[in-house]
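Here is a short report on one protein chain. Look at the sequence and the structure first.

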Amino acid sequence: QIYAETDEAMACILENIAEAKDHVHLEYFSVANDETGQRFKEALIRKVKEGVQVRFIYDDVGCWKLGRKYKKELREAGVEFEPFMPAWIPLLNSRANYRNHRKIVIVDGHIAYLGGLNIGNKYMSKDKYYGYWRDNVLRIHGEGAISLQALFLVDWYFVTKQNLFTKDGASRYLRLPPEEVKLLEDIHMQIVASGPDTDHASIMQAYFFAISNAQRSIRITSPYLILNESLLMALKTAALSGVKIDIIVPGKADHHIVWYGSRSYFKELLEVGINIYDYKAGFLHAKIMIVDEEILSIGTANMDLRSFNHNFEATAMIYHPPTVAQAMEAFN
């Protein structure tokens, strides 16, 4: 299920958290101490009081403004709330450059959410400057959720040194209940993760391969468009080969340097026939790529060098016409 409306996505996330029976695992880049952040915190505290295990990885730099009180309330309630790569002196610490940009929720091991949505009023279209916030969130039920669970468990070990990949842990966290398996539709999907902890830029390579093999069309939405030479050449070559390429970017800036940097590529892309559109209805934060109406990428990675080289990211590559059609409807 793809959610294009952030309030609907957040409502479904909170509903599934409320229904959790065993555990809730979360990773977020940014959490705000505002109305939305408080609602999310209270939902997690309620689950802990019900005996549900809650583990939460937050990015230390992305949550600089969160405040000690918010963190203390979660921890005192029993939520295991752990920072990703703390950077005590940000401007003098190289660790500040390597951030966990993943936004993942896993409930009881078989339901998961992945997308661009952080936690805060801004993402609920409650900020005057940004106005309506356009994003995409993917809800996964089944083995794809297990793949995201495995990714979370690796990240959990990284931040806590607590190994949950034990025999009991595998039985608890990495297996679907038999009654769930019978209900699942056979949808082909891959969860792709990348970050500075690996020698392979897996998400960038997946994008490059998909773009290079496109036959008819490529549709991209990204809040930032900072391309390396490989992706720039792949897009230009595809366009010159007759592939129709449409790219939607925000019409307003959230980071002005990156916004102007993105526009530095426009002339070169427009010259080969690529269509570039400014999103004017608010702020566009969705990270989507659709190739030939057959392949869909949806996740946390922007089409920029930071996501490819410095951030810990995750995306889903989906090969399922009805799901791709959902994304195309939202794109159009």
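## Overall form

This is a predicted model. The protein holds 12 helices and 15 strands. Its radius of gyration is 20 Å, close to the 20 Å from the globule rule for 332 residues, so the protein is as compact as a globular protein of that length. Along the principal axes, the C-alpha atoms fill a box of roughly 60 × 50 × 35 Å.

Take the contacts between residues at least 6 apart in sequence. Of these, 78% join residues at least 24 apart.

## Surface and charge

Of the 332 residues, 56% count as buried. The protein exposes about 15200 Å², and carbon and sulfur atoms supply 52% of that area.

There are 37 positive and 41 negative charges. Their mean positions lie 6 Å apart.

## Nonpolar cores

In soluble globular proteins, nonpolar side chains tend to be buried together. The largest nonpolar core here has 39 residues. Leu 26, Tyr 28, Phe 40, Leu 44 and Phe 56 touch the most other members. Elements that give two or more residues to this core include the helices α1 (6-18), α2 (35-49) and α3 (68-77). Strands also contribute, among them β2 (23-28), β3 (53-59) and β7 (133-141). The largest share, six residues, comes from α1.

Leu 44 shows the packing in detail. Leaving out residues up to four places away in sequence, Leu 44 touches Ile 17, Leu 26, Val 54, Phe 56, Leu 74 and Val 79. Another core, of 36 residues, lies apart from the largest one. Its members include Ala 201, Ala 210, Ile 211 and Ile 276.

How values were computed. Residues are numbered from 1 along each chain as its sequence is written. This is a predicted model: local features need pLDDT of at least 70, side-chain atom pairs count only at pLDDT 80 or more; totals for chains, interfaces and linings use all residues. Side-chain values use heavy atoms; hydrogens and water are left out. Helices (H or I, at least four residues) and strands (E, at least two) are DSSP runs, numbered from the N terminus. The radius of gyration is taken over C-alpha atoms; the globule rule is 2.2 Å times the number of residues to the power 0.38. Buried means under 20% relative accessible area, exposed over 50%, partly exposed in between (1.4 Å probe, protein chains only). Contact means heavy atoms within 4.5 Å. Accessible areas come from the Shrake-Rupley method with a 1.4 Å probe; for residues, only the protein chains shown count as cover. Lys and Arg count as positive and Asp and Glu as negative; His and the chain ends are not counted. The place of a charge is taken as NZ of Lys, CZ of Arg, CG of Asp or CD of Glu. A nonpolar core is a set of buried Ala, Val, Leu, Ile, Met, Phe, Trp, Tyr and Cys residues joined through side-chain atoms within 4.5 Å.
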